[in-house]
Each structure stands twice: as C-alpha cells, then as structure tokens.
There are 2 protein chains.
Amino acid sequence: MTTPTQQRLSLIDVVNRCDSFPYPSDPRLERLSFLTFIVDEIPCGRIHSSVVPHIVAFNQQDRPVFHITETTISFMPWLADYDSRSDAIAQMLNIWRKAPKSFPSLSGWRDELYGVYTLNTSPLTTKGGAALAIERSACGIFGVHAYGVHMNGYVRTGPRPHEVKMWVARRSATKPTYPGMLDNMVAGGMGFGHSPGYTVLKESMEEATIPIEIARNAVPVGTISYTKLSKDETDSQPETQIVYDLELPADFTPTPCDSEVENFRLWSMDQVLDSIRSGEFKPNCACVCLHFMIRHAVLTPENEPDYLEIAQRLNRRLEFPGCKKWPTFKEEQ
Amino acid sequence: MTTPTQQRLSLIDVVNRCDSFPYPSDPRLERLSFLTFIVDEIPCGRIHSSVVPHIVAFNQQDRPVFHITETTISFMPWLADYDSRSDAIAQMLNIWRKAPKSFPSLSGWRDELYGVYTLNTSPLTTKGGAALAIERSACGIFGVHAYGVHMNGYVRTGPRPHEVKMWVARRSATKPTYPGMLDNMVAGGMGFGHSPGYTVLKESMEEATIPIEIARNAVPVGTISYTKLSKDETDSQPETQIVYDLELPADFTPTPCDSEVENFRLWSMDQVLDSIRSGEFKPNCACVCLHFMIRHAVLTPENEPDYLEIAQRLNRRLEFPGCKKWPTFKEEQ
C-alpha cells in the first residue's frame, strides 16, 4: 500500500524515533535542561528545569518534601521509605493534575502505579525492591525507568528461522496514544507488583483473546531498551520492554477482546519490513520487530548495512537502576 | 568439578570481565590516559599516552606522518587514502615490533590485516569501506574496532527452546591467548576482505571439521559488542562478535582439525552455566553463551536478577564507526 511519495525510513531512522534521547557524546545534550532525580543518593531519573517552579511551589509547607539544588532534586531525609515517598509524590501529582496546560501527560492519568527500583533494597525502606511508586502517566516527568512486555506472535512457514509470518495488530483509532498505528500482537505496561510472565498471560487474553493453554508457550527472548525524549524536549522516558516470542499454530486467529485493537493481520516479513520503513508502526513496536528479525535471521550482517549499529542500539544501557526481582506468580495471584 | 573454594562469579561479573573499559559516567575513566585516534575528522580509536613518544620518534622524518595534539592523533593531510595510511602504519609497526618490551601485544604478530572502517566511503580514499588497514595484533594499541564471528553449536533435547545441549570447546594448552580455557564451538577473527558468512564456513572447517553441508545451516542471530581494557590499562579493544547458532543432529560429533582446540564436549545448559560462574570460559565466549541463554530462555527475567542489565551490556554501543558493507561471497572466493 506504500506509494512512491511516502517517506521511506532507514532502519536506523526507525531506532532513532524510539531511542531519541541524546547519548553522552551528542552535542544536542548540551541544549537540554534536566536536573537529576536522586533517591537514597542514587540517580533514578531526570526532571526538566521547567518543572522545578512547580516543585518549589509544592515545597512551600511547614515540612518541605524536596531538597532542590541547581542540578539535583532529592527527598528530604525525613522521607526515607517507600510509603512516605510514594505519598508525597502522589499528593504533588494530584495538585498538578489540575493544571493540564503545564502537565499534558497527566491528562492520560492511569490510576496505575509503576515502581522506581533502587540498589538498596532493605525491606525497612523499600517495597518489592522499589524505593517508591509513581502514577504511570507521570513517569516521563520524573524520567524514571518504566517497564513493559511485548510479544511477537508468529507462524512458521518453513523449517528455516526466517521462514515465518508475523501477527500484526492495528491499534484502535480512538486510542489516546498512537491511534491507528501498527503494533505487536500483544503488549502492555508492567504495573508495580506484577511479573513479566504474569503480564504476558494477562495481556494475551485482554488484547488478543489468546487462551492460557496457548499463551503459556510464550518464551522470553531478551529485551529492548531505549530512552525517549518528547518532542518538546521536557519529558524523558527510559524504558525496557521484555520481549516474548509465541509460535502459533497456522489455524489460530487472534481476536480483539478489549477496544484497544482494531484488527490483526498475518503478514510476511517483507510486509512487516515495508510498513516499518514507511513509519506505520508505533516506534517501540518497530524496534521489537527488528529485534525479532535479527534473532530470526531476516536481517543479516550481509543484507542490512546498519546491522551492527541496530543490534547495539536496541539495547541502550540505561543509567538508572533496573528491577532485579519480580514478584513470583504465587505472590500476585 | 567445581570445589567450594573456587570463585563463583555473578553473571554481571562475567560481563564485566569482557566489557571492562569504563563507561562515560564511571569515575575510573578519569585516571585513564588516552588520546583520540582520528581519521578523516572522525574518531576511530584511542591511543594510550605512553605510546605517544614512540609516535613522535617515528614522526621525525622529512615529511611527518602524524599530527599530534594534546588530546588527538591524526594523519597529516598528505596521507589521504587507504594505501598511504595503511603503509605508514605498517612501517611504524615494523619498527615497534623490534621493541617487544614496549609493545608486548606485537609479539603475537599475525600477518593478518583488520580494516578500520569509516563513514566517508568514497572509493578514491577508501577500500572496501575502510580508511586504512592495520595488522591484527596492533588493533588494541590503536583502540580500533575489531570484528569476529562466534558460533554456538547445539543439539535439541526437547521441543522447548531451553531444552538444548551445547558443544563447548577446550582451547589448546599451547595457545598464546587464554590457553586451556573454554570456548564456543567455532570462533574466529574477521580479516579484512572477508564476510561474516564466509568466515563462519571457513572456521567451522578449520576448527571443528564441520562439513560445509552442515555448516551452511548456521544462522546469524545478533551480535555481542564490548570494549576490553588491558590489565595494565594501556590497550583498549572495542570489538563486535557476530553470533551464529548452528543446530546439529544428535549423531554429529565435532573433531579438532587444526591445533587450536584440545577437545569438544556436549554439555547441558547447567554445566555451561556452572563453568561460566567458575570463570573457566574465555570472557567473550562466556558472553556469547549468555546471549544464547537469553535467546533460548535458559536465563529469564524471573530466574536471573541481572537479566535486564546483562541484555543491555551484551551490546555495548561502540562509539567508533562500524563496517556497513561486507564483501559478497563471490568477491572473496
């Protein structure tokens, strides 16, 4: 369906759209204006300077919550545990939510908490390895590490690894983010307290009506990680997607269950690649497809000039601590 | 065979042994003393300050070869193409080779050229995408990007991806580097003018006597990349290994062909992991095994605390240009 007038992206362009925050050696970094968000003396995120006046205003209370310097924002020493920190952030966000012009991302309020993991995991000050939890839609304001799962559903068409077709989802036209764009078969954010394995099973049912006996065959095959910078350069989002492959029988057809997916199509790898190059995929989903194509030898060092660079860039080293222990299945069921 | 007194490494320790050059935010970086090696205005490597007096000495000629500043070393403008640059470096290395105390790495002289790839690939100044070529054993002195292939040979023991055994090679006790350590089934450096696919076939025959009809089933499944810093902190080696998987029939047994391998063993994934943790693998080969274990769901986000970090670290973003076009099979045969 691609017409000659449409854009054609290189695969590195595709990665750049997802992993858009400049790297240390990039001169664009100098014009950005972020402070480091520090928890327990460990950098855990970044906050844009335009947010600082709002934090200062919130801080005007008998017992200030934040310690603010020219380059850092951290909690005052009396906020030394998971509950007190999470409460303080929640109070502040509930005020900010009423200022939709200053905080457009909060208009997508999810009522879902994301953990901010840290290295010091004493049960006295942390919960499930997290130093605090933050409402999902605010993660980009604090630049804290977010997590999700993405699953490639595929069908074999021959014995060789690249002989596969892939199920591609079209996002609903009414979705607030990336409406109508192409997506992986199943994907979802990982709320605090959930494990990757549980999230995959839950989303498989919710998004594609995949019965548990089939979804259970999904296998974790690695991750993609990147840091997104918003177009206005004030939100930054370091993110890791844990990637799953699910081989499906040729006679299985996924069906949208909730209203998030419009339809599913089973495409050849050429069709997927063509849609990636014409910019039809949601950027991080395109990267999950590239990760699949590298592992399945659809892309090879000999057929893709940026092969080495793509392999490196799909796993950006995120500078903030990651989660080291997910809840067990038992704990969350 | 591991005794309780032996070291037990975490898997992040294992990655750190291979990818040992400090990252930009690491304070250890400050005590290192490297100049940037620049070709055609593009950083292509790094040279330790202790090497500079040797370059200055070589430069004492009617027409100096190098332009040396406090932080950079580059070619004088008259050395503007592949041949003149490669010749100049070769002349210098032939002098240095006679000073084994100053340049111990040159005692492993290979008489094999490695390409130094660049972004400007005009055929007037470059050859096969390379701005120059350097003797293999000198790559670490110049800190230029080196390439190799590593192949995992495995046998299925069940239908699920983690139900596999892996062929492990023991390096010959007389090998100059990492004698007696464990290695992937097949591995080899990629000399200038060779493609990854060709190198895999050639090394499969040379190292493991794998006939071409079988070796041809090897599939490229990604890369590992890292930068090694030598123990004395004067050599740095950014390196990419292109990783192949070769599924083998249960009745196939590899046999050492040249004198580089002592023997091959077919091990369970537990045995491989145990040997990795006890430090018996050559460091980059251990990383290739971890890459395999992530793709085959032997390691999962739920059973390995450093899963996210390992996935990121196995593909370090190398800051120097990589090769974008390998020779075709036809060109090299």
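Begin inside, by selecting His291(A), Arg295(A), Asn315(A), His291(B) and Asn315(B), which lie nearest the centre of the largest cavity among its 18 lining residues. A cavity here is a set of points, on a 1 Å grid over the protein atoms alone, where a 1.4 Å probe fits but cannot get out, and lining residues have an atom within 4 Å of a point. This is a predicted model, in which local features need pLDDT of at least 70, side-chain atom pairs count only at pLDDT 80 or more, and totals for chains, interfaces and linings use all residues. Residues are numbered from 1 along each chain as its sequence is written, chains are lettered from A in the order in which they are written, and side-chain values use heavy atoms, with hydrogens and water left out.

By class, the lining comprises eight nonpolar, eight polar and two charged residues.

Now turn to the interface, where 40 residues of chain B are in contact (heavy atoms within 4.5 Å) with 40 residues of chain A. Select Leu308(B), Gln312(B) and Arg317(B), which supply 21% of the area that chain B buries against chain A, more than any other three residues; buried area is the accessible area (1.4 Å probe) that two parts lose on being put together, summed over both.

Finally, display Glu309(A) and Lys324(B), which form a salt bridge whose closest N and O atoms are 3.5 Å apart, the term requiring a side-chain nitrogen of Lys or Arg within 4 Å of a carboxyl oxygen of Asp or Glu.

How values were computed:
1 Å grid on protein atoms, 1.4 Å probe; cavity = no way out; pocket = protein on both sides within 12 Å on 5 of 7 lines; lining within 4 Å. Nonpolar A, V, L, I, M, F, W, Y, C, P; charged D, E, K, R; others polar.
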